[in-house]
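Here's a quick briefing to read with the model open.

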Amino acid sequence: MKHLFALGLLTILTISLPAQKTGKIFWHEDFSTGQLPAGWSTKALNDSAVNWIITDQPYPGSWGHTRQAPPIASSSRGYHLQFAPGVIVNKNSRKWHTAGQYPDAFIQTSAINCKSKKSVVLRFQQKFYWNRRYVSEKSGLFVGVSNDGHSWVEYDVRQDIGPRQESLNPMEIELNITRTAARQKTVYLRFYWKGLYHWYWMIDDIRLSEAFESDIQAYDLISHPETGNSFTNHDMMTFRIINLSAKKLTRDFKCYLQIDQRQPLEVVVPASRRTPISIIDTVQVSFRPVDLTDYGIHQIRFYSALPGDLRTSNDTLTKTLYSGAYSLGDVTGFQPGDQEFTFSCHNARLKIRFLREDIYRVQMAYDGHFTNPAGNDLVIHTPDAPVLVKERDQGDYYLFQTRQLALRVYKHPLRLAQYRPDNKTLVWQETNGLTYGKETVQYIKRGKNEYFYGGGMQNGRFSHRGQTIKLTIDYNWEDGGNPNPAPFFMSNKGWGAFRNTYAPGYYSFKDTVRLVHKEARFDSYFFTGSSLKDILGDYTDLTGKPFLMPRWALSMGDANCYNRGAKSKAKTIGSTRSGFSGTTPDVIWLIADEYIKHKMPRGWILPNDGYGCGYTKLDSVVKELHKRGFMTGLWTESGVDKIAYEVGTLGSRLCKLDVAWVGNGYKFAIDGVKDAYEGIENNSEARGFVWSVCGWAGTQRHSVVWTGDQSGSWDYIRWHIPTVIGSGLSAQNCATGDVDGIFGGSDSTYVRDLQWKCFTPAFMTMSGWATNNKNGIKDKQPWLFGEPFTSINRKYLQLKQRLTPYMYTLCAEANFTGVPAVRALVLEYPDDPVALGTKTQYQFLLGKDLLVAPVYTPSDERDSIYFPAGTWIDYWDGTRYEGNTWLKKYNAPLDKLPLFVRSGAIIPMYQPMYYDWERPTDTLTLDIYPDGHSIYDLYEDDGLTREHRQGIYAFTRFEVSVADDDPNVAVITIYPAKGDFKGRLKERIYLIRLHSPENGRIISATTGKVSTDIKTTIRVKTDL
């Protein structure tokens, strides 16, 4: 390495750079055939049984830790090199570590002729993820170059990406291998996984090209780290540049440094024939000391100006340098307004805007320039009505009051505290002011008995007091992961907050609540309400209400690839594929007809999986599946470019987006979901219905979110219960996991998982990698395990179908209010201390009337069921339980889901049917549990189109009360429908099933056909 320490002069620079040219590629491989290229070889060391494969599949997940990852998003897409030791290593790592063995393996090219090349550059695209556990001293992901096949020059290409850190997808690598490869007749490349156990490495689009005749790369900054700087008034910055030219550099050239908006600094890099800069030589370039104490963050731009440089894309290095946590400090200025107020803290600015009397927005810009990188992606509705805000200077603080809150802004230092409108009752307060740097952190004092909820889908969790939740992409789809996070939370003390950002972060709800996002700005909306339901309403007023799915979407879905035979000529080497080798139409006899044969209720089918599977004759498949009671959807890996044709011409009505939809900070996923949703709606009269993973705030307005790919087990059931509950507390009304996972599973776990998921809005069985269950069943349909499991599954699917009007009404309520169908007990019983924390995390309410306590152990008993206030009635035998009590041991054989009904409930049910449009809904059962005075409002619309968004729907009210003249008579009043829609029934038969509070007997009555536009009253004796 050469060193240059030159004092830069302050100057203004304007230069003209030559047009960029590309290097000439003389060899490449993109694996498009799906076959190992001729002459290539693979070798697995230490008998690890893990080797390189060529595949178009995602990384399928580790044994016991199903962390799936999408295929590399390389330029050519499709097939790629993949090494995936994590698939089998977990269960062997300790044994192998003791023996000193690793799943080392390499793949090597055939000989490449570089004899005529005076320079050689290797480029390829990669994606990897690794873990430090049990690593060897010489571990790494190495690219080897050899001109004889024996002596190798190796490069570790992890590029400082540490353990458990996601690499870019794709990550472009460039190595100048001239010294080893130039002028050589035989050159070999080797990709070598060495000394690591986990998890995977994907490689694609390998290219060799000649170097540019003249090419300098601005390589890195070596004088300052990215974070944790202590800036001074005498900081000297030093950079490295590399000569990537095909020749030595023999003439001086200049480099420049621009800091923030200051004038650039200039330095001359000396080179001559006597002291040239040789090929791949590295030179250090230092600039004169500068004062960096004015801000806690600096934008650095370093660039070279080599005359005749043929590649300008690598001439510039831009970096953001962060100090440690910089505090805003004292208020140094204040600018009042009507609804917007701005504070100065030296160079920083903090702005507060009141959007409603119960919602305000706080923004901080460290340099005084407010930004909004999320644009209108996340907040889609901004209230613009006038808000009366009273502002007063109280000495130590400024006070801002509306009719619903009082906000204090303290001056020394600047920090916030919110009170009730009386300015006496504390709601929340910062312990110290905001700090910024690489992360911006808000510090809030946790209240006594204060509990926190939200954060989106946090696997295995819903109540976060004392815990830390992550808001980031980590592909951990197990218990403790966060596949669909949202930067939103709410407190049982009547407030909540939403950070308007795509930046990842984490929230720690310890004694001091720390709200952290990895960005040098702060942008948060704060909500005030009397209940958690109010806060959910406020949050979804801004970010959008949960979507209302078509009614058929409440029925179970079925997904797999049924077009593998169409790809039979390009079989994947070592692929993890499973399934059948037919084509798309085979799904009709293979799956659809089997649902009919086994008398199973059904909803929809996804007949392809997107990963190279495709589809065949989809138009006829859609028609035939619809005849059999199925809607049809498609599963897309990473694009919806054909959705207009697929929806408008072929008739598909559902789109499932997979893990390759995840982009940096979730924006790619948000945009993808929106594109798919609008693709359905723009090409049909149907409502958008989309499934996705890796959602963010706002995903609730377009998509079902699911927990990712896991292995069916008892533990899987256990942690999915609080997962779905917690998702609802961020307005993710449709949250789910595949029935019994896509891996593993068993007859009993399938039954138990399906039972309780029948009491959630959306769910799906996903066939794919299930062959490792104890029965050897490779798919996930509800009849595959035989009796008694088939009959039990049918029973609950039939009940799910009958409960459609109850579930659909709850989903409409979510669409109106943001309050989910699946509810934590704390939503309905906020004053019950038992409901606040995790004591009730394995049970939930469906609406306010059904209490579900899933069985999640291999037992015929369910322990510790809690009944909140009121009376609760066993759905199966009528046993009554008083509230505020625990039921320790409940008899629950395999066919019995612990299910209880709130006394006073009115449950509307359809007549038995196998699919949504099989028969008219002109007969409706009212399952009534009388207790005093009860009211239920049934929501209905056409179930298919988007007309409900224009108010084209109807509510029908049912009222049950004790007769004034006889306490043993229940009076059931059916009111005329309010509203209308196409297809609304003008007449209906009501079947009454009244559960007597006296003796538990079921008393039946019927109305016969009655008009739905007139009031109908029925009197039923309850003491028969």
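**Helix α12**

Let's start with helix α12 (residues 804-817): its 14 residues reach 20 Å from first C-alpha to last, close to the 20 Å expected at 1.5 Å a residue. That expected span is 1.5 Å times one less than the number of residues, and helices (H or I, at least four residues) and strands (E, at least two) are DSSP runs numbered from the N terminus.

This is a predicted model, where local features need pLDDT of at least 70, side-chain atom pairs count only at pLDDT 80 or more, and totals for chains, interfaces and linings use all residues. Residues are numbered from 1 along each chain as its sequence is written, and side-chain values use heavy atoms, leaving out hydrogens and water.

- α12 is mostly covered, with ten of its 14 residues buried (under 20% relative accessible area; exposed is over 50%, partly exposed in between, with a 1.4 Å probe and protein chains only).
- Among those buried residues are Y806, M807, Y808 and L810.

**Strand β48**

- T765 sits in strand β48 (residues 764-766).
- T765 counts as buried because its relative accessibility is 0%.
- Beyond neighbours within four places in sequence, T765 is in contact (heavy atoms within 4.5 Å) with residues including M556, D558, Y595, Y750 and K780.
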